[in-house]
Structure formats: C-alpha cells, structure tokens
Amino acid sequence: MNPILSVQDLRVVFAGFQALKGIDLEVGKREIVTIIGPNGAGKSTLLDAIVGKSPVASGHIYYRGKEITNKSRYEVARMGIGRKFQNPNVYNELTVFENILLALKGAHGVVAAIRAKLTRVKKARIEAILERIGLLEKAYTKVSSLSHGQKQWVEIGMVLAQDPTVVLLDEPTAGMTSDETHLTGEIIKSIAEDRSVIVIEHDMEFVKQIAQRLVVLHQGEKLIEGSVQEVQNNAKVIEVYLGRERIDVAA
Ligand SMILES: Nc1ncnc2c1ncn2[C@@H]1O[C@H](COP(=O)(O)OP(=O)(O)OP(=O)(O)O)[C@@H](O)[C@H]1O
C-alpha cells in the first residue's frame, strides 16, 4: 500500500502517563479505517496527535510522504486533514447553507463570508456538499431547528467544505437514532469515494456497515488490526470487551 497517512511508533505522554505507547497505523487512499476500543484506550488521543492537538513525545506522522509530526492544527488542516469532534460545533442561528458557506475554504469571518458575493461555483459546491450529507432540502432551515443527528451531518459538511483529503470523525453517530446512524454510514461511504476516512466508533452494527479495516486500541496499544470478522473472533478482543461494553459477536 502507498499510504496517504502513516503513523509510526507514536507515543503520547500526559504528565508521565503514556496515553499512546507506540502506535503504527497506515491509511490508504479512499480507505475507511475504523478505530474501536474501550474507554480510555487512546482513540481520541490518536486523532488529536494526527491533527496537532496532542503533543507527540516520540514517533512520526507522515501525510502524503511529508512529516507532519507536531505541526500546528492550522497547518495540518491547511494541508488537507479535516477533523470532526464529538460535539457538534455549528452556528445554530444560521441556516444549514450559511454554515457550510462559512466553512468553505477561503472564507474569512462570519460577516465577510455572508456578505461576499455568492458565486455560482460556490453555490454549486455548497449544494453538492448538502446533497452528500442528505440536507439539500434543509438548506434554508435554521440549524437550531434540526435534530441532533442532522446537526452532526452539518458539521460533517463543514469539514467537507475545507476539501480535506483525509477526514477524521470522532464518534459521528453519538446520540443518533438508529435511522440516523444508518444514514451516517451511507454518508461516510460516499465520502470515501474520493477521500480517506478514519472513524472512531462504538456501535458495532454501524462498524459492520462501514468497516473495511478495523483497528482495536487498548490501554494505548494496538491490540489487533483486521477485518470485522477477524476482530470479532480474536480472543484478546473478546477478553478486553468482556464485562465492559458488549462487542456483538453475532455475524
Ligand atoms: N489532555 C489530557 N491530559 C491528561 N490525560 C489525558 C488527556 N487526554 C486524554 N488523557 C488520558 O489518556 C487516556 C486516553 O484517552 P482518550 O480520550 O484518547 O481515550 P478514548 O479511547 O478516546 O476514550 P473514550 O472512548 O472514552 O473517548 C485516558 O486515560 C485519558 O484520561
């Protein structure tokens, strides 16, 4: 594989506590990699380290062959890695369309972005994103009146507006209904038609829907990496999850 993102022997230490103890991870073009693991395993820390939010103590991160270890969040985002956090961070009083407009690459500030002349190209780009996140019909609805799940999609749309090559999603289905969860899976598969995606997720039904390759983290280490089936049948994984969260071992 010629990876677009490569993480090598990555360690993150918080005040003497090793949150990541030497993680290796490769992500290919247009690949979906799903990260699972019990609470505190280091999943969010791994994404944080990639985007320059958590300081890397040792190891390397390469994006398109260039080292990005410990680069600033701004620089990593500018290079093409987009990150969606757990909680929606949207402008409730603006419409869905305006939220995406604000997030477009090159938009500078709320007022300037909204006052700037909306070119046909920009409008088409926003509509393409809205279509992809299933909210074209809600384009002129205020975000405050959307459901929690729809707000999460707006935020995914805002990440896409930055035109990233790699999209990192931290528990994108948290708090969603099962229908919304399923639709989110379809959105992610559609994003992966032209981008790479790393998803942190707990819901095993959802994982099965989207997963191509699963990575299991446990106490800062990679326990196993493989297909959903390989992971579900792995004795170490079953042991780690027993008595914690149920990992659905039914096929
Ligand atoms: N900024 C920080 N300072 C100190 N410790 C931290 C910090 N961020 C994370 N940790 C610790 O690092 C470990 C890994 O946390 P992380 O949030 O990456 O786990 P996670 O796998 O994402 O868990 P969850 O599923 O609960 O979100 C935890 O023990 C956590 O308490």
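In which helix is the place of Q150? Q150 sits in helix α6, where helices are DSSP runs of H or I with at least four residues and strands are DSSP runs of E with at least two, numbered from the N terminus. The model is a predicted one, in which local features need pLDDT of at least 70 and side-chain atom pairs count only at pLDDT 80 or more, while totals for chains, interfaces and linings use all residues. Residue numbers start from 1 along each chain, as its sequence is written.

Q150 has 21 C-beta neighbours inside 10 Å and so counts as buried. A residue is called buried if 20 or more other C-beta atoms lie within 10 Å of its own, exposed if 12 or fewer, and partly exposed in between, with C-beta atoms placed from the backbone. When neighbours within four places in sequence are left aside, Q150 is in contact with L135 and K138; contact requires that the C-beta atoms of two residues, placed from the backbone, lie within 7 Å. Q150 and T165 are separated by 15 residues in sequence and by 23 Å in space, from C-alpha to C-alpha.

The protein chain is assigned domain 1 (1-80 + 164-251) and domain 2 (89-163), with bounds that come from an automatic or database domain assignment. Taken over C-alpha atoms, the centres of domain 1 and domain 2 are 26 Å apart. Domain 1 and domain 2 each bring 12 residues to the contact. On the side of domain 1 that touches domain 2, helix α7 (residues 178-191) gives the most, with 5 residues. That side of domain 1 consists of 8 nonpolar, 3 polar and 1 charged residues. In this classification Ala, Val, Leu, Ile, Met, Phe, Trp, Tyr, Cys and Pro are nonpolar, Asp, Glu, Lys and Arg are charged, and the others, Gly among them, are polar.

The largest nonpolar core holds 69 residues, of which I50, I100 and L168 touch the most other members. Such a core is a set of buried Ala, Val, Leu, Ile, Met, Phe, Trp, Tyr and Cys residues joined through C-beta atoms within 7 Å. Helix α6 (residues 148-161) gives the most to this core, with 7 residues. The core lies between domain 1 and domain 2, because both give residues to it.

An open sheet is formed by 4 strands in the order β2-β1-β4-β5, with antiparallel pairing; two strands pair if DSSP finds at least two bridges between them. β2 and β5 (66-67) stand at the edges with a single partner strand each, so one side of each has no neighbour in the sheet. Strand β1 (residues 5-14) pairs with strand β4 (residues 58-63) over 5 bridges in the antiparallel sense. V7 has I61 as its bridge partner in β4. D9 is also found in strand β1, and this residue has a positive phi of about 45 degrees although it is not a glycine. D9 is exposed, with 12 other C-beta atoms within 10 Å.

The ligand is surrounded by F14, F17, A19, G37, N39, G40, A41, G42, K43, S44 and T45. By class, this shell has 4 nonpolar, 6 polar and 1 charged residues. The largest share of the shell, 3 residues, comes from α1.

How values were computed: A residue is near a molecule or strand if its C-beta atom, placed from the backbone, lies within 6 Å of it.
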